Amino acid sequence: MTDLDSPRVYPLRLYGDPVLRRKAKPLQATDTLTVPGFDPQTVRQVANSMLETMFEARGVGLAAPQIGLPVRMFVAVEYEDDEEENEGGDDNLRSRVLRDFVMLNPVLKVINKKKDRSYQEGCLSIPGIYEEGVPRARAVQVSYTDLDGMSRVVEADDYLARVFQHEADHLDGVLFLDRLPAEVTEDYRKELLAIQQKSRALLNDLAAHEQRRRAERA
């Protein structure tokens, strides 16, 4: 970890980290945010680094709790082909972006209640685990504040609607496995225990890093 100018790549919080289960708090575009292990930054700088982190991890969205910030913000992108096969490939994801989104205090409204279970879903905080059958509304409307403090509204359907719902869940401490039968999580018990071990190691590294930072400033 470094304290270089943005954008930077943040370490991703993993399954088992308590911050992923906390209900995030509202924020304002003018706030100063401190990602654990880094110097304070503007919301815009953090958002830029979140996008960089998301691209580095080859994802389609990233919520603030996933970098250790319990605030109601997420970033997401729409790719040329908005299917999950864009994730994890070898192509340049940045070159395929049609739209990117930075949403502060998003509020979702379902505009098509019919459930869609057809897409495979995963999570950057639960690496290596993907499942079909996660029920998501087919279309949603999202009201949010942008980085300039302006109120915005966007509608999305199909895969992009799923992305928005997945990221909004993170702000309420909900993971995609929570929306599947309990036996699915049990099937991944071994894998989840391994991820939890990595999560504990990361938290220990973050604590040690912060101790060194404090000692250097003393």
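**Entry 1: a pair in helix α4.** I began with helix α4 (residues 189–217), where R213 and E210 both lie, three residues apart, about one turn of the helix. I kept in mind that this is a predicted model. The two side chains form a salt bridge, with the closest N and O atoms 3.4 Å apart. Next I looked up how accessible each partner is. R213 has a relative accessible area of 7%, so I wrote it down as buried, the cut-off being under 20%. E210 comes to 22%, so it counts as partly exposed.

Entry 2: Which residue does D169 meet in a salt bridge? I found R136, at 2.8 Å from N to O. This pair links distant parts of the chain: D169 sits in helix α2 (residues 158–170) and R136 in strand β8 (residues 136–145), 33 residues apart. Are D169 and R136 buried or exposed? I noted D169 as buried at 9% relative accessible area, and R136 as buried too, at 2%.

Entry 3: I then checked what else R136 and D169 belong to. They are part of a network of salt bridges that links E121, R136, R162, D169 and R179.

**Entry 4: one more pair.** I looked up R152 and found its side chain in a salt bridge with D146, 2.8 Å from N to O. R152 is partly exposed, with a relative accessible area of 40%, whereas D146 is buried at 10%.

**Entry 5: the tally.** How many salt bridges did the count come to? I wrote down 15. My pages cover some of them, including R213 with E210 and R152 with D146.

Technical notes: Residues are numbered from 1 along each chain as its sequence is written. This is a predicted model: local features need pLDDT of at least 70, side-chain atom pairs count only at pLDDT 80 or more; totals for chains, interfaces and linings use all residues. Side-chain values use heavy atoms; hydrogens and water are left out. A salt bridge is a side-chain nitrogen of Lys or Arg within 4 Å of a carboxyl oxygen of Asp or Glu. Helices (H or I, at least four residues) and strands (E, at least two) are DSSP runs, numbered from the N terminus. Buried means under 20% relative accessible area, exposed over 50%, partly exposed in between (1.4 Å probe, protein chains only).
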